[in-house]
Amino acid sequence: QVQLVESGGGLVQAGGSLRLSCAASGGTFGSQPMGWFRQAPGKEREFVATISWSGATTRYADAVKGRFTISRDNAKNTVYLQMNGLKPEDTAVYYCATARPTRVVITTVAGYDYWGQGTQVTVSS
């Protein structure tokens with residue numbers, strides 16, 4: 001069974017940076033798309049970024065485009081989310097997710113099959 005473990009969250013001031021990591025085990029990680037989602041208190045889980053199995057294709061939510069960068073290292077079975085220029089509205093629990101092998105770009109919660117436990121990101125103003 002696929003397992004995903006996020007790390008790297010924490011407390012940072014507005015304008016600061018954090019790098020989240022998601023370590024994957026099980027499954028065929030190298031052939032699976034990976035995504036990052038976030039969920040703030042009282043709100044629905046929302047799409048942040050996704051990357052294809054090869055890393056050739058990436059897509060970002062408008063709210064984070066230009067500030068966040070998703071990348072993956074298949075040799076290390078790890079996906080990253082570099083977050084720069086953080087804003088208070090970025091405060092949320094960030095979740096890593098993966099889907100079964102596909103060439104389709106997935107940007108919806110329902111499109112993913114496996115989820116990590118989440119890591120808290122808090123941006124102070």
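In which strand does arginine 72 lie? Select it and see: arginine 72 is part of strand β7, which covers residues 68–73. Keep in mind on this tour that you're looking at a predicted model.

Stay on arginine 72 for a moment. It is buried yet has no salt bridge. Its nearest side chain of opposite charge belongs to aspartate 73, and that is 8.4 Å away. What does the side chain of arginine 72 contact instead? Show glutamine 32, whose backbone oxygen lies 2.6 Å from a polar atom of the arginine 72 side chain. Then show asparagine 74: its side chain makes a polar contact with that of arginine 72, at 2.8 Å.

**Next stop: the disulfide**

Select cysteine 22 and cysteine 96. A disulfide joins them, with 2.1 Å from S to S, and the structure holds one disulfide. In case the term is new, a disulfide is a covalent bond between the sulfur atoms of two cysteines. Cysteine 22 sits in strand β3 (residues 18–25) and cysteine 96 in strand β9 (residues 92–98), so the bond ties together parts that are 74 residues apart in sequence. Is cysteine 22 buried or exposed? It's buried, with a relative accessible area of 0%, and cysteine 96 is buried too, at 0%.

**Now for some rings**

Pick Phe37, Phe47, Tyr112 and Trp115, which form one aromatic cluster. How many aromatic pairs does the whole structure have? A search finds four. Zoom in on the pair of tyrosine 112 and tryptophan 115: the ring centres are 6.1 Å apart and the planes are at 65°, so the pair is edge-to-face. Tyrosine 112 is buried at 4% relative accessible area, while tryptophan 115 is partly exposed at 25%.

**On to the salt bridges**

There are four salt bridges to find. Begin with arginine 38 and glutamate 46, whose closest N and O atoms are 2.7 Å apart. Arginine 38 is buried at 6% relative accessibility, whereas glutamate 46 is partly exposed at 37%.

Then select aspartate 90 and arginine 67, another salt bridge, with 2.7 Å from N to O. This pair links distant parts of the chain: aspartate 90 is in the loop between β8 and β9, and arginine 67 is in the loop between β6 and β7. Both aspartate 90 and arginine 67 are buried.

Arginine 100 and aspartate 113 come next, with their closest N and O atoms 3.2 Å apart. Arginine 100 is exposed, at 51%, and aspartate 113 is partly exposed, at 32%. Now show Arg38, Glu46, Arg67 and Asp90 together: salt bridges that share partners join them into one network.

**Two last stops**

Select asparagine 77, in the loop between β7 and β8. Its phi is near 50°, a positive value in a residue other than glycine. Most residues other than glycine have a negative phi.

Finally, how far apart in space are alanine 14 and serine 125? They are 5.4 Å apart, C-alpha to C-alpha, although 111 residues separate them in sequence.

Methods
Residues numbered from 1 in each chain as written. Predicted model: local features only at pLDDT ≥ 70, side-chain atom pairs only at ≥ 80, totals over all residues. Heavy atoms only, no water. Helix = DSSP H or I, 4+ residues; strand = E, 2+ residues; numbered from the N terminus. Buried < 20%, exposed > 50% of the residue type's maximum accessible area, 1.4 Å probe, protein only. Lys, Arg positive; Asp, Glu negative; His and termini not counted. Polar contact = N/O pair within 3.5 Å; in protein donor to acceptor, adjacent residues only side chain to side chain. Disulfide = S-S within 2.5 Å. Phe/Tyr/Trp six-rings, centres within 6.5 Å; stacked < 30°, edge-to-face > 60°.
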